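Colleague: I have a new model open and want to learn how to read its features. Can we go through them one by one?

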Amino acid sequence: LRGWPHLCAGFFADTEAFLMKNAEVKLCLQASPMNGNLLLEDCNPESDFQDWSWQGDSLMNHGTQSCLSVVGADRVQTSLCGSAGYTSWDCLNSLLSPLGSSQGYLVANRKGVALDNMGGLKAQWQDVADRSVCEEKAEQDRYLPAALASTRVYDHTAGNATLVLGIDREELEELLWFFRREDPSTWNYSVLALSFTAMILGLLLLAINIVRNRKRKIHMYREVETVQQAELEAKQALMPVQEYSPAEPGEQELVPQDQRPGEVVVQWKDGTITSLYTERSEHAI
């Protein structure tokens, strides 16, 4: 969108530039790049210092980027646009006169150009096609509103209407609409709303991620507790079997090491072990 004003400016610079040729001497008005003086030289369409264009009611030279101004009573030269002096001109029937003044018309003389009350061919200014410079101003006044309100521009060389840079009509209308409004509030509010939406979405995703991580940790903790509980119950179930296992060391030997086969022994509460039946000796029998 920012490039569209430059496109319009470039278009007007190309289509509105014209040479100012005096109708009598057949020489063109040329601006001096050194001191602002005005000369009458052979017409040269390639010279920027002979290119002029209407900027409202002012005549601007493309080579010096300065405007045609009146200095003193009848002296004419170029000066910075908008500076002191007559930079606004009235154009009627190929005659140029300072706007709002009665100093006369812009005429060609031996020294160059000056202001004179005498009209005639010396005071008439045309382009290379012998059209009045007033027609150039009238076309500029018509093209400026048309360029801002229409999607088509007039092509002098082809004589028909063509689309600018091949852009579709809808797209060009939208560009022109933004250019005419020159109000960035809509864009600023759109960016602000988009940033706020992105922030809300980011916070929502962060909250969802935190909740999921917490649930995953709780689930893992419960699984670990379940496994530990199962292992503990399995150990408790094995403890009685191991307590009464005959293979466990340290169990008391119910049968003394010196017990003979067939002998019945009794273990008393005090730990004394005696034989139930004492063996009689052969002599007692």
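Modeller: Start with Cys91. Cys91 is buried, at a relative accessible area of 15%. Buried means under 20% relative accessible area, exposed over 50%, and partly exposed in between (1.4 Å probe, protein chains only).

Colleague: What should I know about the model and the numbering?

Modeller: This is a predicted model: local features need pLDDT of at least 70, side-chain atom pairs count only at pLDDT 80 or more, and totals for chains, interfaces and linings use all residues. Residues are numbered from 1 along each chain as its sequence is written, and side-chain values use heavy atoms, with hydrogens and water left out.

Colleague: Which residue forms a disulfide with Cys91?

Modeller: The general idea: a disulfide is a pair of cysteine sulfur atoms within 2.5 Å. Here Cys91 is bonded to Cys134, with the sulfur atoms 1.9 Å apart. The torsion about the S-S bond is -95°, and the link of Cys91 and Cys134 is left-handed. This pair links distant parts of the chain: Cys91 is in strand E8 and Cys134 in helix H2 (residues 133-149), 43 residues apart. Helices (H or I, at least four residues) and strands (E, at least two) are DSSP runs, numbered from the N terminus. Cys134 counts as buried, at 15% relative accessibility.

Colleague: How many disulfides does the count come to?

Modeller: The count comes to 3 disulfides. Number the bonded cysteines in sequence order, and the pairing reads 1-2, 3-4, 5-6.

Colleague: Where do Cys28 and Cys43 lie?

Modeller: Cys28 and Cys43 form a disulfide with 1.9 Å between the sulfur atoms. Cys28 lies in strand E2 (residues 28-31), and Cys43 in the loop between strand E3 (38-41) and strand E4 (52-55), so the pair ties together parts 15 residues apart in sequence. The S-S torsion of Cys28 and Cys43 is about 90°, so this disulfide is right-handed. Cys28 is buried at 0% relative accessibility, whereas Cys43 is partly exposed at 31%.

Colleague: And what joins Cys67 to Cys81?

Modeller: A disulfide, S to S 1.9 Å. Cys67 is in strand E6 (residues 66-71) and Cys81 in the loop between strand E7 (75-79) and strand E8 (89-92), 14 residues apart. The bond of Cys67 and Cys81 is right-handed because its torsion is about 90°. Cys67 is buried at 2% relative accessibility, while Cys81 is partly exposed at 40%.

Colleague: Now charges. How many salt bridges does the count come to?

Modeller: Side chains of opposite charge can pair when their charged atoms come close. The test for a salt bridge is a side-chain nitrogen of Lys or Arg within 4 Å of a carboxyl oxygen of Asp or Glu. The count comes to 4 salt bridges. One of them pairs Lys21 with Asp130, the closest N and O atoms being 2.9 Å apart. Lys21 is in strand E1 (residues 21-22), and Asp130 in the loop between strand E12 (125-126) and H2, 109 residues apart. Lys21 is buried at 11% relative accessibility, whereas Asp130 is partly exposed at 46%.

Colleague: Which residue forms a salt bridge with Lys137?

Modeller: Asp57, with the closest N and O atoms 3.1 Å apart. Lys137 is in helix H2, and Asp57 in the loop between E4 and strand E5 (58-61), 80 residues apart. Lys137 is buried at 14% relative accessibility, and Asp57 is partly exposed at 33%.

Colleague: Which residues are joined with Glu136 into one network?

Modeller: The side chains of Glu136 and Arg131 meet in a salt bridge, 2.9 Å from N to O. Salt bridges that share partners then join Asp127, Arg131 and Glu136 into one network. Glu136 is buried at 9% relative accessibility, while Arg131 is partly exposed at 27%.

Colleague: How do strands E10 and E11 run, parallel or antiparallel?

Modeller: Two strands pair if DSSP finds at least two bridges between them. Strand E10 (residues 105-108) and strand E11 (residues 113-116) run antiparallel, joined by 4 bridges. Tyr105 has Asp116 in E11 as its bridge partner. The hairpin has 4 residues between the strands, and Gly112 takes a positive phi near 145°.
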